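Hi everyone, thanks for coming. Let me put today's model up on the screen, and then we can walk through it together.

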Amino acid sequence: MWRVSKGATLRYPQPGGADERRHRFEEMYAANCGPILGYVLRRTDNPDDAADVIAETFLTAWRRLDAVPPGDETRLWLYGVARRVLANYRRGERRR
């Protein structure tokens, strides 16, 4: 049996909840991972570095999923994120 403390509020799943958010991200990832990976591979010397850049790019996309534009603009947005992640990666390499 469930007990609810006095004054507590019950929270019900909202439309656009975690499942819908995850589904949207998975679709975006499936549609764009290949082209973004190719972009990053052409700009890095090591496939392991490219994997790190891709991971950081899609982590940024997950964190900012509400800011990702819909439709064809999604890929352009991801290219921009990947470009900035690559720039940060190169700056870090120069410091090391």
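Before we look at the packing, one term: a crossing is left-handed if the near helix is turned anticlockwise from the far one by less than a right angle, and right-handed if clockwise. This is a predicted model, where local features need pLDDT of at least 70 and side-chain atom pairs count only at pLDDT 80 or more, while totals for chains, interfaces and linings use all residues. Residues are numbered from 1 along each chain as its sequence is written, and side-chain values use heavy atoms, leaving out hydrogens and water.

The chain has 3 helices and 0 strands, with helices being DSSP runs of H or I, at least four residues, and strands runs of E, at least two, numbered from the N terminus.

Now, how do H2 and H3 cross? H2 passes H3 in a right-handed crossing. On the H2 side, the contact (heavy atoms within 4.5 Å) includes Val53, Phe58 and Ala61, and on the H3 side Trp77, Leu78 and Tyr89 are among the residues.

On to the core, meaning buried Ala, Val, Leu, Ile, Met, Phe, Trp, Tyr and Cys residues joined through side-chain atoms within 4.5 Å. Buried is under 20% relative accessible area, exposed over 50%, partly exposed in between, with a 1.4 Å probe and protein chains only. The largest nonpolar core has 19 residues, and Met28, Ile36, Val40, Phe58 and Leu78 touch the most other members. Helices H1 (18-41), H2 (47-63) and H3 (73-95) each supply at least two residues of this core. Leaving aside residues up to four places away in sequence, Met28 touches Ala61, Leu65, Val68, Thr74 and Leu78.
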